[in-house]
Amino acid sequence: MQRKKFRWKAAALIALILLLLLEIGDLYYLSHGGAGQLLPILMYHHFEETSDSGTVVSADRFREQMTSLHDAGYEAVTIPQVIDYVKNGGSLPAKPVLITMDDGYTSNLTVAAPVLEELDMCATVFVIGINEGEELYVHSGEPFWQARFAYEEAADWVEKGVIDVQSHTFDMHQLASYGYSGREGVLRMEGESSEAFRQALLTDSRLFRERREGAVSSPLLALAYPFGYYDEEADQLMEEAGYAVTITIDERINQLKRNDGGCLRMMGRFNVTDTVSGEGLVARLDQYFRRPAPVQ
């Protein structure tokens, strides 16, 4: 009987030692950058004072969401901060979040930016270059369904660090059904040669860069794929065009790793709608941060 009791205690002790060794291994892995840093990216579009559409977020709901993130310890970061963490050994907060907005609606400045400034937060806006500062769709001549801002209107917000302005392509926010270019976002068209495709993407990137040049003070570093359409071929060309970061609409968390530029490519995002409460948004992100934070 005593022997059985001894064996049971010995087995329990061994199991405890193994558990402690695993814990120590996890801590070593985290402290030496093996797991890197988790980064959720949020995706917004247009804002209104009130909203009856899930895709359009009301001013009150946006304030609720941002306040909840702030109170839960999340800190908004910029794309340069993310790049610096990966490539230069820079630091990030324990619970970082990259807030993004697509298309370049004026409401990003008039509704969202004041809330962000009040809470000491920031966001990145991915602008459709050809629509910047325009009142009509260039190809159709029809008025925009919602106003788009000009770079000059965003310049002060950029200078203050509240808003950054990056690329949603110059003129590839199109579908073949539109009847303008026959292209589906940045994807290669049927029958298009590799070189023609390369030139199309590089030319579009050059046009975006030229139109933005000198209008805002931040560097051009990132691109969000229109409609979330992308593939490896397109992403390699976007890297050639000078984009250190590319972002999709795939709903997944991102894991940043030191000295691994590949983790900055084709990053995932979580779409945030007016139906998502602040509490719900925090709960969704918190599930990824339950493990110990990596030591910086």
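In which handedness of crossing does helix 2 pass helix 8? The model is predicted: local features need pLDDT of at least 70, side-chain atom pairs count only at pLDDT 80 or more, and totals for chains, interfaces and linings use all residues. Residues are numbered from 1 along each chain as its sequence is written, and side-chain values use heavy atoms, without hydrogens and water.

**Helices 2 and 8.** Select residues 59-71 (helix 2) and 278-286 (helix 8), whose axes lie 8 Å apart at an angle of about 45 degrees. Helices are DSSP runs (H or I, at least four residues) numbered from the N terminus; axes are lines fitted to C-alpha atoms over the stretch in contact, with angles from 0 to 180 degrees between N-to-C directions. The crossing is right-handed (the near helix is turned clockwise from the far one by less than a right angle). Next, display E64, Q65, S68 and L69 of helix 2, which meet G278, E279, L281, V282 and L285 of helix 8 (contact: heavy atoms within 4.5 Å).

**Helices 2 and 4.** Show A59, F62, R63 and M66 of helix 2 against V111, A112, V115, L116 and E118 of helix 4.

How values were computed:
Helices (H or I, at least four residues) and strands (E, at least two) are DSSP runs, numbered from the N terminus.
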